[in-house]
Amino acid sequence: FRKSFRSEKSFKLIEKLAEEKSWLKKGLEFLYGNDANIVGFAVKESKPVTNVSVERKLEGTDTVTWKITYNGKENLNNVIVYDEVPKSFADDADKINVESDFDTEVVEKDPVFLFDVGEFETGNEYGFTYKLKEGKVSEDVLKEFKDPIILSTPDKPVSKWWKYWWLFVLL
């Protein structure tokens, strides 16, 4: 399955994530359901998204807004964004109101979020907001955020029985 990756570096990243990060499996189950074959396929075929810039800002003393700008040459489908929030912002996902236009999954209460962005279109910006339910933070918290991990996952494969739909029509 190495041929499906754009580079050896991409292959190594996905392989490492699949082995070490339970979030990837959980996130793919969120997108594709619990079918182990489909999740295995998605893990093998997922590719890191490059040509992005990430900008985070503190608004007031309780809100971090951030955006991803995609500058790739072609649009991408099935994009997921994995973001770890530093404990200095909040130590539990329940203490954060998350605002975005995308389906959002709490991967871990630690807090870690997964966003099902769908399509990335060249030149577009995608916005997200984390607002504390209580408390305040300083601008120093921005230095503790890491860049999110952004993956383009494959289309869900057609199940094997569907390939033979025409047999049912003949019967």
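Reader: What order do the 4 strands of the open sheet have?

Author: The order is 2-3-8-5, and the pairing is antiparallel. Keep in mind that this is a predicted model.

Reader: Which are the edge strands?

Author: Strand 2, residues 52-59, and strand 5, residues 96-100. Each of these pairs on one side only.

Reader: And what does the twist average from one strand to the next?

Author: The twist averages 15 degrees per step from strand to strand.

Reader: What holds strands in a sheet together anyway?

Author: Strands of a sheet pair through backbone hydrogen bonds, and the pairing can be parallel or antiparallel.

Reader: OK, how many bridges join strand 3 to strand 8?

Author: There are 7 bridges between strand 3 (residues 63-70) and strand 8 (residues 125-132). These two strands run antiparallel.

Reader: Which residue in strand 8 stands opposite T69?

Author: That is E125.

Reader: Switching topic. Where is D83 found?

Author: D83 lies in strand 4, which covers residues 76-84.

Reader: Is D83 buried or exposed?

Author: D83 is buried, because its relative accessible area is 0% and the cut-off for buried is under 20%.

Reader: Which side chains make polar contacts with the side chain of D83?

Author: R56 is one of them, with a polar contact of 2.7 Å between its side chain and that of D83. The side chain of Y130 makes another polar contact with the D83 side chain, also listed at 2.7 Å.

Reader: What else does D83 touch, not counting residues up to four places away in sequence?

Author: Its contacts include W66, P111, V112, F113, F115, F145, K146 and P148. R56 and Y130 are among the residues D83 touches as well.

Reader: You mentioned P111. Where is the place of P111?

Author: P111 sits in the loop between strand 6 (103-108) and strand 7 (112-120).

Reader: Is the peptide bond from D110 to P111 cis or trans?

Author: The bond from D110 to P111 is cis, with omega near -25 degrees.

Methods:
Residues numbered from 1 in each chain as written. Predicted model: local features only at pLDDT ≥ 70, side-chain atom pairs only at ≥ 80, totals over all residues. Heavy atoms only, no water. Pairing = 2+ DSSP bridges. Axes fitted to C-alpha atoms, helices over the stretch in contact; angles between N-to-C directions. Buried < 20%, exposed > 50% of the residue type's maximum accessible area, 1.4 Å probe, protein only. Polar contact = N/O pair within 3.5 Å; in protein donor to acceptor, adjacent residues only side chain to side chain. Contact = heavy atoms within 4.5 Å.
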